[in-house]
Amino acid sequence: MSSLVEVNGLTKYFPVQKSSLEAVLSRKREFVRAVDAISFAIERGGIFGLVGESGSGKTTTGRLLLRLIEPTSGEIRFHGDNIGEFSPQSLRQFRRRAQMIFQDPTAALSPRMRIGPAIKHGLDIHQVGSDPERKKETLRMFERVGLSPAEAFYDKYPHQLSGGQRQRVVIGRAMILEPEFVVADEPVAMVDVSIRAQILDLMLSLKKELGLTYAFITHDLATANYFCDRIAIMYLGKIVEVGPREDVFKSPRHPYTVALMSSIPVPDPKHKLQRLIPRGEIPSPINPPSGCRFHPRCLHAQAVCSQREPQLEEDALGHQVACFFPRV
Amino acid sequence: MPPLLSVQELVVQYSTLRGEVKAVNDVSFSLETAATLGLVGESACGKSTLGFSILRIVPPPGRILGGKIELQGVDLINLPLEEMRRIRGSQVSMIFQDPMTSLNPLLRIRDHFIELFQTHEPSIKKEEAVARTVRLFDALGIAEDRIGDYPHQFSGGMRQRVMIGLALALEPRLVIADEPTTSLDVIVEAQVLELLKLLREKRRLTLILITHNIGIVAEMTDLVAVMYAGQIVEIGPTGDIFEDPLHPYTKGLLESAPNVLHPEQSMRPIPGIPPDLASPPTGCKFHPRCPRAFKPCPLREPTPMAQGRRLVACHLYD
């Protein structure tokens, strides 16, 4: 296996902030179990989709992958090396090779920094080449991300650009150090539909040029289906199903995945909806349900589902599902 | 009989530092009772402003510059403000996009409803207002014992149910829903859409659904109006428009929509970006992005022409 990233038993609990009075009155400390003992691997050159609703733990997982936050337990290996044990020097190297594209380009860019220097910043920090060389490299990046003519854009401020153009700047900034691995957290969620595909296609062409590996975080299954080659479905801090994109979409096996798919509006008035909407909403990750976390909402739940936690089991095609009664 | 709603040559303008922006520019359409119209387009195409102008709640510096809006034959634009207030909520109401900022965090859910009932019917007893609220909760699928909760105790989906309840409480004829499910996760979105369908049927509601989600338009509407740069470029029955979109922008918009069942046929980008309305392009406002633009497009603005059951504003059909 040529995995670029391997994740084993990754867990992140956040302590719940309480008022000081509550803290005095109750000894018990509570935790949000954002990510709870998940394992997966991302192949070199792959596009791995982390898909889930709000509160599923997908964004926390993305931040852990880049060591922007420290895990509670578990490990992440990059090229086989545990990123939690990196020396400051190797961490600096890792920061060059692994980058992030954020969801909100307006928040991700400093309003007071011109976009040329913003993209060039990474080169400055890592002291790549001389200053004129860095500027030249930055101008080339402008053209690559479709902000052309580069010279005309270089001195602009973020507010002078449209939302789609700003997201191109954020992508350019992530790509300027020619990383191997990029975590993209909802990169098109705030962009209009007609522009969305432009941005995704840009990310695909950059992947080809630079030989990138992507982790793609999204709540939007349709976008994941367009963009990813492997997909993990997350629910309340757990991965419930993971497999090749086509398998997961054509024959989803976990009842939650089935519910998710049947909920999406289809842009075809002749499409006959067959909705299997689960009851209620995603429960609190502070006290997640026992056993399978989906069981209180599941249309197929039986006694065992509340007693034991199902583990991910793999079929011959590499399609894994964590359910006692998966769809066949 | 006149249609329930008739909008004619409506112009809404925002005065900004960069100049006058016509967010709604000469829009006309009408709507029959119990029909659902989908108002689609990208950000800043004017679809929300059009919705706001029907209730006369265009936020400043925007104002209605001209045109006519008739609800059941009554001209809303020239109505005295007092009368307009009575009509809001009881004749026409709005479901807003963001339930968190639309509910008062200091008021219990119950009190939002009581205030609404008492404003429109000052003689109503508090008990009666509460009883009506309880009945409404039942229709909305909210447990009765949550009536005394505050908005922050409700999840996003439950808050949106409350917003729907507030919009329907006085049994208006026309409801305008502005991106009612945009801030919700897909499963909750499906739950809310199913609730809207149920209530629409039970109450014979006329609905204007403002959305950028082409999937929701296909699922929910009978009619579609496609807006671009403040204008309706194509309007007609939903089935016809999806079957055979006539305006190149409509075609582009439908093809750019994500389709989870057929990813290979979806998400084709439209080149370029929407125009800056402070300095819009000449002629047809879509021509700089249009794959089929020809001679007259940059020169003359196309007028809406009938094509079967549709109206299309495009020189291809002159």
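In the predicted model, B:Val226 is in contact with B:Val40, B:Gly41, B:Ile232, B:Val233, B:Glu234, B:His247, B:Tyr249, B:Thr250 and B:Leu253, when residues up to four places away in sequence are left out. B:Val226 and A:Phe216 are the residues with the most contacts inside the largest nonpolar core, which has 172 residues. Helix α9(A) is the element that gives the most to this core, with eight residues. Domain 1 (3-228) and domain 2 (229-328) of chain A both contribute residues, so the core lies between them.

The centres of these two domains of chain A, taken over C-alpha atoms, are separated by 26 Å. Their contact involves 26 residues of domain 1 and 21 residues of domain 2. On the side of domain 1 of chain A that touches domain 2, the elements giving two or more residues are β2 (31-43), β3 (47-51) and α10 of chain A. Strand β2(A) gives the most to this side, with seven residues. Its composition by class is 14 nonpolar, seven polar and five charged residues.

Between the chains, the contact takes 34 residues from chain A and 38 residues from chain B. At least two residues each of the side of chain A that touches chain B are supplied by α9, α10 (221-227) and α12 (255-263) of chain A. The largest share of that side, seven residues, comes from α9(A). By class, the side of chain A that touches chain B comprises 17 nonpolar, nine polar and eight charged residues.

Helix α9(A) also links two paired strands of chain A. Strands β7(A) and β8 (residues 213-218) of chain A pair in the parallel sense over five bridges, with A:Val182 opposite A:Tyr214 in β8(A). From β7(A) the chain crosses through α9 (residues 193-210) to β8(A), and this β-α-β crossover is right-handed. Strand β6 (residues 98-101) of chain A runs parallel to β7(A) and is joined to it by four bridges. A:Gln99 stands opposite A:Val182 in β7(A).

Strand β7 (residues 181-185) of chain A is mostly covered, with five of its five residues buried. In a regular strand, side chains alternate between the two faces of the sheet. In β7(A), A:Phe181, A:Val183 and A:Asp185 point one way, whereas A:Val182 and A:Ala184 point the other way, and all are buried.

Notes: Residues numbered from 1 in each chain as written. Chains lettered and ligands numbered in written order. Predicted model: local features only at pLDDT ≥ 70, side-chain atom pairs only at ≥ 80, totals over all residues. Buried ≥ 20, exposed ≤ 12 C-beta atoms within 10 Å, placed from the backbone. Pairing = 2+ DSSP bridges. Right-handed = clockwise from strand over helix to strand, strands pointing away. Core = buried A, V, L, I, M, F, W, Y, C linked by C-beta atoms within 7 Å. Domains from an automatic or database assignment. Contact = placed C-beta atoms within 7 Å. Nonpolar A, V, L, I, M, F, W, Y, C, P; charged D, E, K, R; others polar.
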